[in-house]
Each structure stands twice: as structure tokens, then as C-alpha cells.
Amino acid sequence: MKKVLSLLLTAALAISLAACGGAASSTPAASSAAPAASTASTTGGNDLIVVGFSQVGAESDWRTANTESMKSTFTEANGYKLIFDDAQQKQENQITAIRNFIQQEVDYIVLAPVTETGWDTVLQEAKDAGIPVIIVDRMIDVSDDSLFTAWVGSDFRAEGDKAVAWMEEKFAGVDQLNIVHIQGTIGSSAQIGRTDGLNAGVEKNSNWKIIAQQTGEFTQAKGQEVMESVLKQYDDIDVVYCENDNEAFGAIDAIEAAGKTYGVNGDITVISFDATHAGLTDTLAGKINFNVECNPLHGPRVEKIIQQLEKGETPDKLAYVDEETFDATTITQAIVDARAY
Amino acid sequence: MKTLKRPRSLSATGFLLIVTIGLFVLMYAAGMLAFSGQGFAKPQMFLNLFISNAGLIVISCGMTLVMITGGIDISVGSVTALVCMVVAYQMERNGASAFTAILFALGIGLAFGIVQGFLVAYLDIQPFIVSLAGLFFGRGMTAIVSTDMISIKNETFLAWAKYQIYLPFGSNNKKGIYQPAYIYPTVIVALLVVLFIFILLRYTKFGRKVYAIGGNQQSALMMGLNVRRTKFEAYLLDGFLAGLGGFLFALNSCAGFVEQAKGLEMDAISSSVIGGTLLSGGVGNPIGTLFGVLIKGTISSLITTQGTLSSWWVRIALSALLCFFIVLQSIITSRKQKQR
């Protein structure tokens with residue numbers, strides 16, 4: 001009898017706990033039920049355009065700026081409802097999120113893919129449901145181009161070419177140029193484009209020599225590690241070509257620790273990409289010689305495409321964002337201050 | 001009277017199972033009420049839970065099996081990545097057929113199962129350490145095969161991945177067009193695996209041995225059970241399921257790359273625990289594990305649908321659930337000990 005009683009008590013406790021757990025997990029749901037219901041009625045009246053945005057994550061300042069650009073563009077004041085999903089760097093989360101968007105019957109799906117690969121199945125589902133998909137930032141690799149409507153992003157190859165052109169001008173007439181190349185995460189569009197740009201430059205200029213080429217995985221820690229090991233091996237480094245700002249910060253730390261000089265008044269010329277606020281601050285300080293912008297403000301471009309689609313027009317399949325370059329000798333405080341990310 | 005005669009472990013299993021299923025129903029019903037206008041009431045939304053998690057369901061079944069023996073296998077995420085990579089590499093770079101790719105996937109899984117099972121069962125090494133080595137090895141080997149991201153474009157494989165099985169029900173979209181609900185073949189495979197493991201554990205000699213070992217290894221040994229052999233077989237089956245689950249995962253993602261399925265082992269462990277598997281062994285059920293996976297899917301689905309909450313809340317909700325189930329389990333184990 002005691003046994004049965006205690007079992008019943010445990011069950012009662014469990015159920016009450018379960019009820020708490022259930023309530024806890026449904027509180028956000030319940031609290032949002034009211035606004036959700038109101039927006040549902042407005043979308044019923046076709047007032048708001050519903051956009052589902054699946055973002056890679058929040059791994060860098062650049063990414064955060066990209067997210068903010070989307071959030072500030074697709075506001076209710078502008079006539080949109082944005083459903084935002086952070087994939088935490090996982091492709092499978094993005095696939096799940098897109099399936100969710102399809103069932104929610106959003107009007108447009110915007111995808112900033114974690115990877116270039118593996119979108120065939122889920123984008124086919126979106127196509128079957130008649131929802132246009134706009135890809136931002138990284139390009140995707142699919143068997144059928146009609147699976148996405150348009151792509152918005154940076155021309156990474158052009159970014160690399162810009163850096164090479166600047167180097168050609170600065171180092172015209174030098175006998176030999178020793179370049180250390182710290183690459184981004186291998187296989188990412190940014191790495192491929194920026195590396196191709198440099199490789200083309202090395203082919204064109206026979207006096208240029210890449211003495212070390214290794215990935216810094218777009219992080220400061222790895223960039224520093226790579227630069228430290230290179231500094232131990234080579235004494236006469238002229239240029240360090242870092243494929244993003246974080247790698248450049250790491251490389252600068254390593255150079256400083258090794259007691260070498262760098263930047264505008266130093267021996268080693270530092271080239272970087274992205275031109276984030278922190279990157280431009282270092283450019284202004286003369287630590288980074290040349291910084292090529294990678295514009296994260298995709299929101300307005302995407303909105304333009306959606307507006308074209310709303311009017312029944314066919315947007316361009318590929319849309320590049322405008323990108324500038326910043327030279328340490330010409331950059332001003334005003335430019336740095338204006339940079340939000 | 002009948003319930004009292006049953007072995008203790010089974011009734012504990014049954015009790016935890018009811019809690020898990022109840023929680024799932026409660027959460028899904030709450031979602032349907034709150035987000036009925038955003039597609040949550042559609043049958044396809046429910047089926048998507050299975051479609052997106054088919055691989056995880058299979059992998060978690062293997063995890064449940066080894067957890068019942070009192071062990072653990074944290075290598076499954078790496079095995080999945082390795083399977084995806086080898087499958088992609090063999091088909092795209094070496095021109096292998098999709099059928100050969102299946103053999104590769106299952107072979108990798110079995111190889112992990114054999115090695116890890118041997119080390120755990122016959123050399124008495126801690127399962128955590130053994131599978132930690134497996135985790136590093138799998139991820140490392142994936143990078144050795146290739147550091148590229150490989151898209152799978154093999155026609156047979158894509159035909160499998162895109163083959164939609166329509167069900168005799170569906171829903172109307174907002175334009176009023178009827179869309180039948182569908183599943184992919186992966187879902188059927190996953191459900192068959194759950195059923196197979198359920199029958200295996202419940203109605204076969206092997207199953208009873210697995211529970212006996214997990215409940216108390218010493219007394220299982222004294223009862224004359226071949227503890228080592230049973231453990232080895234459990235890890236072998238777990239490895240096989242990791243290979244199969246990895247292949248289902250590849251069918252969903254259609255790609256191979258180094259970073260794939262990172263942390264999948266933790267999803268599998270948490271699904272098993274939420275599904276009522278005791279970390280100390282002896283208690284567990286694949287049906288519960290299935291619902292554990294579905295609960296995880298439902299939480300992320302709820303948060304995505306809500307649209308403004310950070311998706312990190314999925315983790316927080318999961319951690320709350322894990323705490324809840326661990327407390328519940330410790331109550332059950334302490335009761336079990338009192339009875340002795």
C-alpha cells in the first residue's frame with residue numbers, strides 16, 4: 001500500500017512539474033500570441049509582406065551588422081514582418097528553419113547560408129510552395145539555378161583585385177616582394193575570391209613571392225598563431241595579406257611581440273579585408289596600410305529585389321553591393337566614426 | 001497485481017515514457033493554439049519534425065541502447081560527419097554509385113562499433129574515453145578525406161533525397177490551393193529502426209541481457225550472462241546505427257564538410273535522457289527517445305515560428321527540460337535503492 005501511495009505521489013509531483021515546465025516553455029509563446037494574432041490578421045489583409053530570414057549566426061561584428069541591416073530594413077513601419085532565425089552556424093538548423101518558413105507561408109525567404117553546399121532538397125520544397133528565395137552573402141552551389149531567385153553579396157574576387165592593384169602601385173620597381181598569406185576559412189566564398197585575387201597578382205608580377213600560405217580561419221587567435229610561426233622561419237617579410245580584420249589584429253600582435261615594425265612607418269605592410277569599425281580604427285592609426293571593405297548592409301538591396309518582385313518585374317540574378325577601399329594615408333576620423341559595425 | 005509483478009526497471013521505463021509523451025503533447029498543443037495562423041496546425045509542420053530529424057532519431061536509438069548498458073558514445077557526431085564526407089567524396093570525386101555509398105556509410109559505422117565495442121567490452125576501458133578518442137578520430141579523418149565542401153550531385157542519390165511520398169491528407173495554403181502532406185523515405189527508415197530496437201529490447205533475450213547489465217553488472221555476471229559479449233554487441237549495433245543515421249543525415253543535407261553535425265552527440269544524449277533513459281543504465285526505451293527528439297524539434301520549431309526570440313532560447317529550454325528529467329530520474333533511482 002505504501003508503495004502504491006508513494007508511486008502516486010511521485011506521479012503527482014512529476015505531473016505538476018511537467019505542467020510548470022510546459023507553462024514555462026509556452027510563456028514566450030503565450031505572450032507573443034497577442035501580437036502574432038494581430039499580425040496574422042494584417043497579413044490576411046495583405047498589408048505586411050512577411051519575410052523569413054535565416055542567418056548564419058552572430059560570429060562576428062560583420063555578421064551582427066548584416067543582421068541589423070536586415071532588421072532595420074524589414075520593419076513594420078516599412079510594411080514588412082520579419083521572421084528572424086539564427087542558425088548557430090549549423091546547416092541542419094537552416095534547413096529546419098526554411099521548412100518552418102514554408103509552412104508559415106512567408107512571402108519571401110532570405111537565406112544567408114552557412115555553407116555553399118547541400119541546398120537542393122529544401123530549396124526544391126520552397127520552389128514547390130511557390131516562395132521566392134533570395135540568397136545573401138555566400139553563394140550556394142546547387143544543381144539547378146532556378147532554385148533561387150536572386151543573390152546579393154560581395155564580389156570577393158574584385159576585393160582581392162583591389163588589394164592587388166594597390167600593392168602593384170605601392171611596390172612598383174621593387175626587386176623581390178615576400179608575401180605572407182593568411183587565408184580565411186578554406187572553402188568559404190570570401191577565402192576563394194580573395195585568394196584568387198592574390199594568386200592572379202603573383203602570376204602577373206614575377207617579383208612577387210608568397211613565402212607562406214596558411215589558414216587563419218578568420219579568427220584573431222589563429223591569425224596570430226600563423227604569423228608567429230612564420231616570423232620564426234623568415235626574416236625578410238614585406239607584406240602580410242590577411243583575409244579579414246580579425247586575422248590582421250592577430251598578425252599585428254605577433255609582429256609586435258617579435259619586435260618588428262609594421263604599418264605605415266614600419267617594415268611590414270599589413271593588408272586587410274572587411275573594414276569593420278575596429279579595422280578602420282587600426283587603419284587610421286597607421287597599423288593597417290590598406291583595408292578593403294566588405295559591405296554587410298544587404299538589407300536595402302534585398303528590399304529592392306523584393307519590391308521588383310512585388311511589381312512583377314524580374315530582378316537581376318546577381319547583385320553586388322558597392323564596396324570601397326581605405327588607405328591609411330588618406331583615411332579620416334570622420335570615416336571611422338561613421339562606421340556602425 | 002500484474003503491475004507489481006513486472007521487473008522494477010520496466011515500470012520505471014513506462015513511467016518516464018508517459019511523462020515524456022505527455023510533455024510532447026502538451027507542448028505541441030500549446031504551439032497549435034498559439035500559432036495556428038502560422039502553420040503550426042498543419043500536418044506538414046508535424047511531419048517536418050520527422051523529416052528534419054530522421055538521422056538524429058536513428059542515431060539516438062543507438063545512443064539509448066549503449067546508455068541502457070550503462071555506457072555512452074560521444075563519437076556519433078564525428079561518425080556522421082565522416083559518413084557524409086566519405087559518401088560525398090566517393091560519389092563526386094571517385095564516381096561511386098549511390099548503392100556503394102550506402103555500403104561505405106554502414107561500413108564506417110560498423111568499423112567504429114567494432115573498435116569501440118572491443119575496447120569497452122573486452123579491455124574494460126571507460127566508454128566516455130573510448131568514444132572521445134572516436135570523436136577526435138572521426139573529425140580528424142573527415143578533414144583528411146577532404147577539407148572542401150562537397151555538394152552531392154549524384155542523380156540516384158538526389159532522386160532518393162527528393163523522393164516525396166505523398167500522404168492521403170494535407171492542407172490548403174492561403175491561396176486556397178490544396179497541398180498534400182508528404183514525407184521522405186528517410187522518415188520510414190527512421191521509424192522502422194525505432195520499431196526494430198523497441199522489439200529487440202523488449203522481446204528478445206538480447207534485450208533482457210542489455211537491461212540486466214545496465215541494472216547491475218555484477219549480478220548480471222553472477223547470473224551467468226555473457227556481459228562482455230552483450231556489451232560488444234550493443235556497441236556494434238550502436239555503431240551500425242550511427243552509420244545508417246549518418247547516411248540519412250547526408251540525404252537531408254546533400255553535402256559533406258568538416259564542420260558537419262558538430263555537437264550532434266549532445267543532441268542524441270539529451271534526446272535519450274529526455275526520453276527517459278537513465279545515464280546510470282538499466283532504464284530506457286527507444287519510443288521515449290523518439291519523443292525526446294520530437295520535443296527538441298518542437299522547441300526549435302516554436303521559437304522559429306515565434307520569429308523574434310533568439311534561437312539560443314532553444315538551448316535554454318532544453319537545459320531546463322534536462323534538469324527536470326534528471327531530477328525525476330534521481331527520484332526514481334533513490335526509490336529503487338531504498339527498496340533493496
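Me: Which strands of chain A does helix α7 lie across?

Reply: Helix α7 (residues 220–233) of chain A lies across β6 (177–183), β7 and β8 (239–242) of chain A. Its direction is about 150 degrees to β6(A). Helices (H or I, at least four residues) and strands (E, at least two) are DSSP runs, numbered from the N terminus. Angles run from 0 to 180 degrees between N-to-C directions, along axes fitted to C-alpha atoms, for helices over the stretch in contact. This is a predicted model: local features need pLDDT of at least 70, side-chain atom pairs count only at pLDDT 80 or more, and totals for chains, interfaces and linings use all residues. Residues are numbered from 1 along each chain as its sequence is written, while chains are lettered from A and ligands numbered from 1 in the order in which they are written.

Me: In what order do the six strands of the chain A sheet run?

Reply: The order is β7-β6-β8-β9-β10-β12 (chain A), in an open sheet with mixed pairing. Two strands pair if DSSP finds at least two bridges between them. β7 (208–215) and β12 (325–327) of chain A stand at the edges with a single partner strand each, so one side of each has no neighbour in the sheet. From one strand to the next, the twist averages 15 degrees.

Me: In which sense do β10 and β12 of chain A pair?

Reply: Antiparallel, over three bridges, with β10(A) covering residues 290–293. Look for A:Val292, which stands opposite A:Thr325 in β12(A). Helix α9 (residues 277–284) of chain A lies across β9 (269–274), β10 and β12 of chain A. It runs at about 150 degrees to β10(A).

Me: What describes two packed helices?

Reply: The angle between their axes and the distance between the axes. Take α5 (residues 98–121) and α11 (residues 227–253) of chain B: they pack at about 150 degrees, with axes 7 Å apart. They are therefore roughly antiparallel (under 35 degrees is roughly parallel, over 145 roughly antiparallel, 65 to 115 roughly perpendicular, the rest oblique).

Me: How many helices and strands does chain B have?

Reply: Chain B has 14 helices and four strands. Its C-alpha trace spans about 65 × 50 × 35 Å along its principal axes.

Me: How many residues of chain A are in contact with chain B?

Reply: 43 residues of chain A are in contact with 51 of chain B. Contact means C-beta atoms, placed from the backbone, within 7 Å. α1 (2–44), β2 (80–86), α3 (91–104) and α4 (120–128) of chain A each give two or more residues to that side of chain A. α1(A) gives the largest share, 17 residues.

Definitions and conventions
Contact = placed C-beta atoms within 7 Å.
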